[in-house]
Amino acid sequence: MVGIAAWGAYAPRLRLSRKAVTEANAWVAPNLRAKAKGERAMANWDEDALTMAVEAARDALGPDDDRSAVDALYFASTTAPFVDRQNAGIVAAALTLEKAIASTDVTGSQRCGLAALGQALAAVQGGAAKRALVATGEHRRARAASSQELDNGDGAAAFVISAEAGAAEFLGRGSITDDFVDHFRGADSEFDYGWEERWIRDEGIVKLVPPAIRQALEVSGLSASDVSHFCFPSTFAGMAASLAKTIGIAPEAVRDNLALTLGEAGCAHGPLMLAHALEQAKPGEIVLVAQFGQGAEALVFRAGGDIGDRRPARGVTGSLADRKIEDNYLKFLTFNGLVEWDKGMRAEKDNKTALTTLYRNQDQILGLVGGRCRETGVVQFPRTRISVAPNNPAVDTQEPYRFAERKASVLSYSADYLTFSMSPPNHYGMIVFEGGGRIMMDITDVEQGEVDSGLPVKMVFRIKDVDEKRGFTRYFWKAAPDRAAIANTALAAE
């Protein structure tokens with residue numbers, strides 16, 4: 001009875017106001033005013049498809065340090081930061097998964113998120129893996145003043161697949177492959193090139209998606225009327241409802257596609273809608289998710305009896321609730337590299353990464369793994385041969401100690417306007433952890449005046465900086481306000 005054991009999701013905290021975008025572009029593209037309603041998820045400057053996928057995976061896996069049960073990893077994205085470097089390897093290192101896991105990148109189509117999920121289900125069903133993790137993320141770029149800029153959104157979703165199912169039992173899969181080119185992005189292109197919308201809708205979606213859905217339902221032994229939740233992402237208004245009518249799915253089963261609150265997160269959007277449906281599904285209900293892209297992919301699940309007890313700590317609902325409206329369109333353009341701007345002399349430094357050092361210290365840099373002295377119990381970061389215990393500086397006694405899931409708070413901090421920052425002021429400070437240990441870290445997702453000593457923070461996996469000369473992205477962990485802990489503290493004080 002293979003299926004979904006757990007799931008998680010992530011959306012950036014920033015939400016770009018579509019009204020702000022259309023007003024800024026009204027002088028050149030007044031037709032965009034029709035898309036001024038709602039907001040879209042906007043990645044911070046230090047977020048990309050990979051960092052968001054890591055956060056969604058952490059939401060799915062929970063805070064336990066022991067992740068040794070995961071023996072396969074699938075990372076799906078069409079906007080992964082590296083073309084020739086396995087992005088799944090970075091995800092695995094950030095999550096401190098075992099070196100012995102099988103891992104792969106899945107890409108090349110808007111349905112690759114669901115394709116990765118289907119491959120993971122097949123691997124567990126066939127015995128090739130016991131517990132597989134699927135992480136999908138998208139950071140979509142579009143030309144300024146284009147309709148895609150308003151339609152797109154950034155986000156991620158993740159699923160843990162096991163033979164015990166638990167949250168949702170997998171019932172069947174349908175897949176259609178057809179080289180129908182609705183849009184494309186060449187190897188040397190920065191942006192997608194799209195074809196005429198009516199042709200995509202009438203010749204592509206309407207003709208290619210229903211066969212995949214009917215195949216999935218037939219394999220599952222179900223009829224369309226059995227579906228309680230129908231998830232189909234599309235930027236065409238009413239497209240999911242139209243498909244549902246064609247197939248025979250009840251109108252009330254059609255799910256909100258999150259267009260007004262998040263935007264369309266590419267290959268991660270089908271998985272995001274599935275995650276959202278699982279958060280609201282009742283035991284026994286049928287969830288069908290499908291996505292278009294050079295054919296179509298469709299998957300059918302039945303919600304488990306204890307699905308209510310398996311909801312993630314954050315999920316889609318929590319991600320949507322944790323939001324900050326952003327109406328500075330120029331900031332969005334800058335964060336996405338759409339304007340050439342003067343960064344000043346302090347940004348003129350060479351960020352070349354010593355790949356030998358990165359490899360030798362991989363668990364510390366990508367996994368935030370420090371050390372704990374077996375003799376004194378003292379924990380420290382970075383891990384060294386000599387313990388920092390004041391009265392017993394033992395040698396070679398340290399064992400790996402993971403900091404990423406520990407509770408922490410700000411001891412001291414600076415808000416620096418002098419050093420270069422993509423989002424000044426540059427916040428950084430000394431972070432102290434429950435159970436011991438302290439690290440000097442950057443602080444992200446904050447506004448001026450928000451940081452203070454004692455502020456509860458959580459660890460987030462982010463871009464440290466980018467080597468623009470060589471096209472290499474460096475990652476590390478940062479501190480971000482733990483707003484759930486802050487809210488609980490405020491509630492307890494009332």
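Which residues are buried in α3? Keep that in mind while getting oriented; the tour reaches this helix at the second stop.

**The whole chain**

Start with everything shown. This is a predicted model. Its C-alpha trace spans about 75 × 55 × 50 Å along the principal axes. For 494 residues, a compact globule would have a radius of gyration near 23 Å, and the chain agrees with this because its own value is 23 Å. Colour by secondary structure to display 13 helices and 22 strands.

Buried residues make up 54% of the 494 residues. Colouring by charge picks out 55 positive and 64 negative side chains, and the centres of these two sets are 1 Å apart. As for contacts between residues at least 6 apart in sequence, 73% of them join residues at least 24 apart.

**Helix α3**

Select residues 87–94, which form helix α3. The buried residues in α3 are Asn 87, Ala 88, Ile 90, Val 91, Ala 92, Ala 93 and Ala 94. The helix is largely enclosed by the rest of the structure, because 7 of its 8 residues are buried.

Cover for the buried residues of α3 includes the helices α2 (49–61) and α12 (362–367). It also includes the strands β4 (72–76), β5 (102–106), β21 (456–467) and β22 (472–481). Then step past the end of the helix to Thr 96, which follows α3 and has a positive phi, near 55°.

Is Asp 465 buried or exposed? Its relative accessible area is 15%, so Asp 465 counts as buried, the cut-off being under 20%. Beyond its neighbours within four places in sequence, Asp 465 is in contact with Asn 351, Phe 472, Thr 473 and Arg 474.

Next select Val 446, in the loop between β20 (438–442) and β21. Val 446 also counts as buried, at 15% relative accessibility. With neighbours within four places in sequence set aside, Val 446 is in contact with His 427, Val 451 and Pro 481. Draw a distance from Val 446 to Ala 480: these residues are 34 apart along the chain, and their C-alpha atoms are separated by 7.2 Å.

**Strand β8**

Go to residues 168–177, strand β8, and select Ile 176 within it. Which residues does Ile 176 touch, not counting those up to four places away in sequence? They are Arg 111, Leu 208, Pro 211, Ala 212, Gln 215, Gln 294, Gly 295 and Ala 296. For another distance, pick Gly 284, which is 108 residues from Ile 176 along the chain. The C-alpha atoms of Ile 176 and Gly 284 are separated by 27 Å.

**The cysteines**

Finish by selecting cysteine. How many disulfides does the structure hold? The number is 0. Cys 231 is in no disulfide, and the nearest cysteine sulfur, that of Cys 267, is 16 Å away. Cys 231 counts as buried, with 0% relative accessibility.

Methods. Residues are numbered from 1 along each chain as its sequence is written. This is a predicted model: local features need pLDDT of at least 70, side-chain atom pairs count only at pLDDT 80 or more; totals for chains, interfaces and linings use all residues. Side-chain values use heavy atoms; hydrogens and water are left out. A disulfide is a pair of cysteine sulfur atoms within 2.5 Å. Buried means under 20% relative accessible area, exposed over 50%, partly exposed in between (1.4 Å probe, protein chains only). Helices (H or I, at least four residues) and strands (E, at least two) are DSSP runs, numbered from the N terminus. The radius of gyration is taken over C-alpha atoms; the globule rule is 2.2 Å times the number of residues to the power 0.38. Contact means heavy atoms within 4.5 Å. Lys and Arg count as positive and Asp and Glu as negative; His and the chain ends are not counted. The place of a charge is taken as NZ of Lys, CZ of Arg, CG of Asp or CD of Glu.
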